Every structure is written in C-alpha cells, then in structure tokens.
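Student: I would like to learn how to read a few features of a protein model. Can we go through them one at a time?

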Amino acid sequence: MTDCGEDDVVTDAEHARLATLDRLRLLDTPPEREFDTIVRLAQRLTGYKIALVTLVDKDRQWFKSKIGLDLQETPREFAFCAHAIAADDVLIVPDATRDDRFASNPLVTGAPNIRFYAGVPIHAETQQTASKRVPLGTLCVIDDQPRDVDPGDLDMLLELARLVETLIAARASAAEAVRFAEERERTLQALDRKHRQLRQAERMAKIGSWRLTLADNKTEWSEQTYAIHGVPPGDGKPLDSALDFYPPKARAIVTEALERTMATGEPFDVETDFTTAQGEFRRVRSMGEIEMDKGQPVALIGVFQDVTARFTMEEALRQVAHTDELTRIASRGRFNEVVDEKIKATIENEERCALLLIDLDHFKAVNDRFGHHAGDEVLRVMAARLNADYLSHCFAARLGGDEFVLLISDQAILKDLTSMLRRLLYDLQYTVSTNGVTLSVSATIGACWLGGAVKDRGQLLRNADAALYEAKRRQRGSAMISGRSELVLPGQAETVPLKLIQK
C-alpha cells in the first residue's frame, strides 16, 4: 500500500494546470490587442514601469502581453509569478533585495533590476471539471524602486485580472466556431475609448459610499455617489427618491436586498441596471451591511460602484461568442443554449416545436470553381434568407461549414410545416454566375418534430440528420420530415408569396 503524500497532490495539481494551459493554446501566440489594452491600462493606472500578463509553463515564464520590458520569457526558476502560482494568491514584494526568496535572483541583481512586484493570479476552468479553476499565470506590475502597494491599485489589478480571465474564457469558447476579427476590433475600439476616460486619479474606480438611517429612511451620499447618480452634491435623498433611479426590475432586487439585510442582519451584494438623472443607462454594484450602535441597528452602510465599463465589455464578448463571424447569425454555441431553453419551455407549455437541419448542395463546387470569396457570399445570402420576415419568430444558426439549423416554435407556421418547407426550399435556391460560368446552389433539409420519444437536443439533431441524409440520397434540393416517407419539393414560383431576388 502506497501513501499519497503532499508531493503527489502538488504533482496532480500541476499536471491539471499545465494540461489546461496547453489546451487553451495561449503560449507563443502573437500579440492580441485585448490583452495589450489591459496591460497598458494597468501601467497607466498604477504608474509602475512594467506591466505583464504572464503564463507559467513547465520550465519557463512567457509573457502574453507586456509593456516596459524587452524580454519575451524567463526561466521559471527566476519567475516571481511562479511563487504566486504556487500559492494561488496575490503576491506582493515591496523590496526584492530584502526578501530571501528573491535577493539573489538574476532579475533582481541584473536587468530589469526588479525591486517591487505585485502579481494577481489569473485562472481558467479545467476541461475535466468545469467548476475547478487553476492558475495559469498572473497579471503583474513591476518597478525598479521599492514601493508600498496602494490599496486602490491592488483593487484595480484584481478587477483587471478578472477581465483577463473573461478574455481567456471567451477566447477558448469561441476558438473553434468564431474567428471574430471584425467584432473584436469594434469591441476593442469601444473598450479603448472607455479606458482613455478612466484615468482620473481616485475617481478612476468610480466608487462612492452611502449611509441609510433606519429611523427616517434618509440617505447620506459621498461625492462620488452623487457623481454616479448624475446629480450635484447636496443633501442625501429619502430612500423612495433614491430608488427612483432604478428601473422596476432592478428596484425590486435592491428593495428585497435591503429588506432581507434589515430582517436577517446579513450583508448584501447586488448588481443591477441603473439610470442617471440624465436618463443614461449604467450598471452598478451595491454592497451594504447593518451599522450597530449599543447593540441596536441604526443604519445601513455600504459602497456603490459604477461597473458599466466591465459589464459592457463582458456583454460584447458574450455577443461575439454567440455570433457567427461570417454570416452574422447565431453560432453553434448560442444554438445549443437556445434550443435547450426552447425544448424546456415547449414541453412545459405543451406546445409544438420543430427543428430543421439544412445542408447546402453544390457548395464545394462554388468554392472550387469561383474561390472562397464566392463561397462566403453564398453563406451570407443563405443566412439572410433564413432571417426573412416570415421566419422572424424562428431561430437560425450556422453550425459550421455549409450547415445551418432553424428552430421553429411559431405555432402558426407549425400548422402547415410542409408548406413552409416548400417555400423555404424555393427561397434557398441561388445561382452564382461569373465570366459566363453558372452554378446553382440549393438546400436539402431534414426536419424533426419535438415530442414522443424525441425529448432533447441530441435526439432532435440525430433524427433531423437521418432525415437529411435520406433526402440527399433520394433527391438533392428536397426535404424530409423524420418519421415520414414522402419527399417535400420546392414550391413553384407562383405559390410562393414572398420571392427573394437572386443575384
């Protein structure tokens, strides 16, 4: 019998960490503006000379993004960040020359002459267990002079480290299905505009404080709290007036949090929508707890933060991950989310739902004959036709390549699914013509109803795929409904109410 000691645990943890780092394929990748923007922001906000996003590999420390440093990597044995990774905690070294761990380190005794270091671990979820997070590296700042870390700077590094983690998670989830160059550029431009406005000393954090006296429901606000509300500094507002800045749903959340804290004594921490006095949308975070005086609750006290910039970026990144870059319709990942929600709602409401699996015919011939730019245009046209007005209540997505999917929950359409298929087959006919050469593209469709033995996304897709395969075998440009034997053919032009003009 062999004991499992601490070294074995560490080895297993390190193995999981390195496996996650390898899976994300971040090492030795070209510079990416998202990470560079965060590093520049960290340097500007803290005033330190060097800011880095580091990744700690088996034998080296590699810099995903850097400013103020010429090196691209260092041996792991010299890396300050390796200590932060090992402890999985914030590491602050005010003066490396006075720290036995680092005093003889070549990075201290020679260039870049590190004296001050502050590093925050950045994490990612392991593939084996989604809820388990492992440290990959750090967001850190470095200076060649001894320093004491400012609490505000440390809070900002923690926030920026969370942004790095968000970027890594979005990059991983979108890597296979989305190459979001255009959307990423727009997101970065918007993010860069916001970051240029952030550097305003202590106001950069956009955090205010507040106090609510329980006897009269009167609020006391700090100057920054007034600024977030968009009103000039003055007397605090009564609670009812203060709640007017929240939309109805957000107001209910805040009210419930206040009442629960007053009833139970437990602190609250909520994030909600918010509207300034000028009618501008904001996302705010409120934290509060009870203030006691001689054993009696006398007030609620807390802090109030404008987190709009972070919220907007996260929403933009979510949108990028949910959108197919080429066709601008939903991605496969977004489809998986929507179809599962729709299946659940359909079953609960005892309604009908159908799924269409759509595969383009002769698409490879277009790519081979006219080039991928022509093939890309075909995909964009087909996506646009799946978003036609009569399909406005349906959900279209690109699964990949020349394969699309359409989820139909419109009960009016579902009354005559065959007629809808005839019309859709007609609409998805498209002709590509260049230099006297003409190729016709059509679509073959496999359809499946939700219900009976078909109760989940996997079964829907399998049945629809089987119907699609059979339709292709019998006649391309047709459709089949799972469980039926007859083919559905395109409707004639005169039977189609809305014709889409072919190029």
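The dialogue below takes up strands, salt bridges, ring contacts and a surface patch.

Tutor: Before that, the ground rules. This is a predicted model, in which local features need pLDDT of at least 70 and side-chain atom pairs count only at pLDDT 80 or more, while totals for chains, interfaces and linings use all residues. Residues are numbered from 1 along each chain as its sequence is written, and side-chain values use heavy atoms, with hydrogens and water left out.

Student: How are strands defined, and when do two of them pair?

Tutor: Helices (H or I, at least four residues) and strands (E, at least two) are DSSP runs, numbered from the N terminus. Two strands pair if DSSP finds at least two bridges between them. Here, strand β1 (residues 50-56) and β2 pair in the antiparallel sense over 6 bridges. A hairpin of 3 residues joins β1 to β2, and threonine 54 stands opposite phenylalanine 63 in β2.

Student: Which strand does β2 join through 3 bridges?

Tutor: Those 3 bridges join β2 to strand β3 (residues 73-75), and the two run antiparallel. Tryptophan 62 has glutamate 73 in β3 as its bridge partner. The hairpin of β2 and β3 has 5 residues between the strands, and in this hairpin glycine 68 takes a positive phi near 90°.

Student: Is strand β2 enclosed or open?

Tutor: Start with the terms: buried means under 20% relative accessible area, exposed means over 50%, and partly exposed lies in between (1.4 Å probe, protein chains only). In strand β2 (residues 60-67), 6 of the 8 residues are buried, so the strand is largely enclosed by the rest of the structure.

Student: What counts as a salt bridge, and how many are there?

Tutor: Side chains of opposite charge can pair when their charged atoms come close. The rule used is a side-chain nitrogen of Lys or Arg within 4 Å of a carboxyl oxygen of Asp or Glu. By this rule the count is 30 salt bridges. One of them is formed by aspartate 57 and arginine 60, whose closest N and O atoms are 3.6 Å apart. Arginine 60 is buried, at 16% relative accessibility. A network of salt bridges links Asp28, Asp57, Arg60 and Glu73.

Student: Which side chains meet arginine 282 in salt bridges?

Tutor: Glutamate 280 meets arginine 282 at 3.1 Å, N to O. Aspartate 306 also forms a salt bridge with arginine 282, at 3.4 Å, N to O. Aspartate 306 lies in strand β11 and arginine 282 in strand β10, so this pair ties together parts that are 24 residues apart in sequence. Arginine 282 is partly exposed at 23% relative accessibility, and glutamate 280 is partly exposed at 38%, whereas aspartate 306 is buried at 11%.

Student: How do I read aromatic pairs?

Tutor: Rings of Phe, Tyr and Trp (its six-membered ring) pair if their centres lie within 6.5 Å; planes under 30 degrees apart count as stacked, over 60 as edge-to-face and the rest as tilted. A search of the whole structure finds 9 aromatic pairs. In one of them, phenylalanine 274 and phenylalanine 304 have ring centres 5.5 Å apart and planes at 65°, so the pair is edge-to-face. This pair links distant parts of the chain, with phenylalanine 274 in strand β9 (residues 268-275) and phenylalanine 304 in strand β11 (residues 296-306), 30 residues apart. Phenylalanine 274 is buried, with a relative accessible area of 0%, and phenylalanine 304 is buried at 3%.

Student: How is the pair of phenylalanine 281 and phenylalanine 311 arranged?

Tutor: That pair is tilted, at 6.4 Å centre to centre with 45° between the planes. Phenylalanine 281 is in strand β10 (residues 281-293) and phenylalanine 311 in helix α10 (residues 308-322), 30 residues apart. Phenylalanine 281 is partly exposed at 42% relative accessibility, while phenylalanine 311 is buried at 16%.

Student: Which residues do ring pairs link into a cluster?

Tutor: The cluster is made up of Phe245, Tyr246, Phe274 and Phe304.
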